[in-house]
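Please look through the sequence and the structure before reading the solutions.

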Amino acid sequence: MASTFSSDEDSPVKTTQRIVLQNVSWQTYKALLADLGDHRTSRLAYAQGMLEITMPSDRHETYKQLLERMVNTLTEELNLRVKGFASTTLNREDLEHGAEPDSCYYIGNVDCIQGRTVDLATDPPPDLVIEVDITSSSSRRFGIYKQIGVPEVWRYIGQTVEIYRLQNGEYVRCQDNFTFEILSVEIINQFLQQAETQDDTTMILAWRKWVRENLPED
């Protein structure tokens, strides 16, 4: 197996690290998932022989948690039923594609998921996936999400969020008209900019206030 390794700094805490392995069988990928177990910070992504292992930085995890809190606040204030699956493994064995997103949610398809496990052989893909790019790109994962049919991806990159919707088999970058209709990308990024100089609680309280003030009228 050929491999490449990329890192911008020596410390794994300061920068996201990535290993790419080629010519890896689906069986080897599944065995790695089983051996590594659930209690780890690394993320695996697999696409027909290519395996990517990502080890997130501290900054990566900080923004992942902040975006999760923003989504959780939205679903609470909009009274939307939701099931969050964090970085659960999303595998399609028939396509030999699989990935562990930074976070994912069932919202429109929440009734299709029984219990707290996901099996894409019978279940639909999550309605929303979150990916955080600090020093390592999630571009390979987009191809996987396209194959398994994830309708919406939020990508944090360069201190801002980009939102993509799956349209006619391709991801299209959108400014509005996505899962949460009251939002625009501009509003999300305004609050993310505030988060650079505020603690999380202060930012989320302001975010909750904005959401309440902009709830759709009955």
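**Exercise 1. Describe how α2 and α5 pack, and name the residues that make the contact.**

Solution. Two packed helices are described by the angle between their axes and the distance between the axes. For α2 and α5 the angle is about 30° and the axes are 10 Å apart, where axes are lines fitted to C-alpha atoms, for helices over the stretch in contact, and angles run from 0 to 180 degrees between N-to-C directions. The two helices are therefore roughly parallel to each other, given that angles under 35 degrees count as roughly parallel, over 145 as roughly antiparallel, 65 to 115 as roughly perpendicular and the rest as oblique. From α2 the contact draws on Leu 66, Arg 69, Met 70, Thr 73, Leu 74, Glu 76 and Glu 77, and from α5 on a list including Ile 204, Trp 207 and Arg 208; contact means heavy atoms within 4.5 Å. The crossing of this pair is right-handed, that is, the near helix is turned clockwise from the far one by less than a right angle.

The model is predicted, so local features need pLDDT of at least 70 and side-chain atom pairs count only at pLDDT 80 or more, while totals for chains, interfaces and linings use all residues. Residues are numbered from 1 along each chain as its sequence is written, and side-chain values use heavy atoms, with hydrogens and water left out. Helices (H or I, at least four residues) and strands (E, at least two) are DSSP runs, numbered from the N terminus.

**Exercise 2. Is Thr 73 buried or exposed, and which residues does Thr 73 touch?**

Solution. Begin with the position: Thr 73 belongs to helix α2, which covers residues 58-77. Its relative accessible area is 3%, so Thr 73 is buried (buried means under 20%, exposed over 50%, partly exposed in between, with a 1.4 Å probe and protein chains only). Leaving aside residues up to four places away in sequence, Thr 73 touches Ile 204, Trp 207 and Arg 208. Finally, a polar atom of the Thr 73 side chain lies 2.8 Å from the backbone oxygen of Arg 69.

**Exercise 3. Determine how α4 is placed relative to α5 and to α2.**

Solution. Take α5 (residues 200-213) as the partner: α4 (residues 185-195) packs on it at an angle of about 155°, with the axes 10 Å apart. That makes α4 roughly antiparallel to α5, and α4 passes α5 in a right-handed crossing. Among the residues that meet here are Phe 191 and Leu 192 in α4, and Trp 207 and Trp 210 in α5.

Now turn to α2, where the angle with α4 is about 130° and the axes are 12 Å apart; α2 and α4 are therefore oblique to each other. In this pair Leu 66, Leu 67 and Met 70 of α2 meet Ile 188, Phe 191, Leu 192 and Ala 195 of α4. The buried residues of α4 include Ile 188, Phe 191, Leu 192 and Ala 195, and what covers the buried residues of α4 includes α2, α5 and the strands β10, β11 and β12.

**Exercise 4. Where does Ala 45 lie, and what does Ala 45 touch?**

Solution. Ala 45 lies in strand β3, residues 43-47, and Ala 45 is buried, with a relative accessible area of 3%. Not counting residues up to four places away in sequence, Ala 45 touches several residues, including Met 50, Gly 98, Arg 141 and Ile 144.

Terms used
Polar contact = N/O pair within 3.5 Å; in protein donor to acceptor, adjacent residues only side chain to side chain.
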